Amino acid sequence: MDNIKFSIIVPVYNVERYLSRCIESLINQTYSNIEILLIDDGSSDQSPEICDEYSKKYGNIVVYHKKNGGLSDARNYGLERASGEYILFVDSDDYINKDSCQSFYSYLKEHDKHRIDIVSGNIVRLEESKKKYEMFNQSIKISDGATFLKTQLLKKSFFTAACRNLYRKKFLMNKSLYFRKGIYHEDEHWTPRVFISAKKVLNTNIAFYVHVIREESITQKKDQTKNGLDLIEIYKDLKKEFVNLDDKELKELLLDNLVLLYLEGVYKTKGKVTVEKEDLLFLKKHSRSLKNKSKVRVLSINTRLYYFYYYMRKNLINKELVRKKS
């Protein structure tokens, strides 16, 4: 364990304004046994040149230039080529704290005998207004993935961002846990499946990852029709897997989470989708909270009505949050 190697996979696509900040946070890690894989996913700006310049200066940076295939494809590409025992995914417009790998190493060294599949960390969200919102785990303990999921879902604190955690490569490869290509919100599809498969999860309070929210990012753009359709597609895909789970409590919690996914998908399309009868029955059956049940009732009347109901509700909540902060 003293020689543990980390592979940091960074998909790169047209992020010349932010790329150096990201790479600098990686090359300045206080822990030295790391490799950095920069996966240029067919960028058309100066990102490829920036990657190449850094690789000339630092021997632990490897650059791959490939045809554009999307974030999932770039992550999969890096995963197959990584030589480290543990994998960290970092988006190229974000960055990590300089002691991140050292912190992960310390925990892994302490818990070596447990053969940890996932070390769960924390994200700091950084708005362009410079305000920070921290998402923290509260305890440090080891459990299986199913128990971790149940605990997080019950506390409504399960965040699907793949960049939040450290993963053992052998575990991911043995379980063929690749990202699904061609969809937005790929983490919503990938992360629950990863935790369901994990035998050992170490839950920590490491706040290492800084997620920078940009106006021009995919999830912040005004037209989110594809985002919504992809969320509904993910709901359909995961439903096939989750209904066959043996753990009844976990199954119910995950299916309830799929209700949220579907409702969010309808909202992002502005209600411009047809809700199938089968899906509506599923939503009614697996909604656990009164809030979800009320949303489903509105949705069953009319999808556009549901959009405006959801839109007004979100606006009121946002205004209340702003009022409390001011």
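Hi everyone, and thanks for coming. Please keep in mind that we are looking at a predicted model.

Let's start with charged side chains. How many salt bridges does the structure hold? The count is 19, and I'll walk you through a few of them.

Take Lys150 and Asp247. Their closest N and O atoms are 2.8 Å apart, and the two form a salt bridge. Now look at where the partners sit: Lys150 belongs to helix α5, residues 145-154, while Asp247 is in the loop between α8 (225-242) and α9 (248-268), so this pair ties together parts that are 97 residues apart in sequence. Is Lys150 buried or exposed? Lys150 has a relative accessible area of 16%, and since buried means under 20%, Lys150 is buried. Asp247, with 26%, is partly exposed.

Next, find Arg288 and Glu252. Their side chains meet in a salt bridge, at 3.8 Å from N to O. This pair also links distant parts of the chain: Arg288 is in the loop between α10 (277-286) and α11 (290-301), Glu252 is in helix α9, and 36 residues separate them. Arg288 is partly exposed at 44% relative accessible area, and Glu252 is partly exposed at 35%.

There is a network to spot as well: Asp41, Lys66, Asp73 and Lys181 are joined through salt bridges that share partners.

For a pair of sequence neighbours, go to Glu80 and Arg81. They form a salt bridge too, with the closest N and O atoms 3.8 Å apart. Glu80 counts as partly exposed, at 45% relative accessibility, and so does Arg81, at 34%.

Now for the empty spaces. Rolling a probe the size of a water molecule over the atoms shows where empty space is left. Here, the count comes to 2 cavities of 30 Å³ or more.

The largest cavity has a volume of about 40 Å³. Which residues line the largest cavity? They are Ser120, Phe148, Phe158, Phe159, Arg164, Asn165 and Phe195. By class, that makes 4 nonpolar, 2 polar and 1 charged.

The second largest cavity holds about 30 Å³ of space. Its lining is made of Glu188, Pro192, Leu238, Phe242, Leu254, Asn257 and Leu258, which divide into 5 nonpolar, 1 polar and 1 charged.

Note on methods. Residues numbered from 1 in each chain as written. Predicted model: local features only at pLDDT ≥ 70, side-chain atom pairs only at ≥ 80, totals over all residues. Heavy atoms only, no water. Salt bridge = Lys/Arg side-chain N within 4 Å of Asp/Glu carboxyl O. Buried < 20%, exposed > 50% of the residue type's maximum accessible area, 1.4 Å probe, protein only. Helix = DSSP H or I, 4+ residues; strand = E, 2+ residues; numbered from the N terminus. 1 Å grid on protein atoms, 1.4 Å probe; cavity = no way out; pocket = protein on both sides within 12 Å on 5 of 7 lines; lining within 4 Å. Points joined across faces, edges and corners; volume = space filled by probe spheres on them. Nonpolar A, V, L, I, M, F, W, Y, C, P; charged D, E, K, R; others polar.
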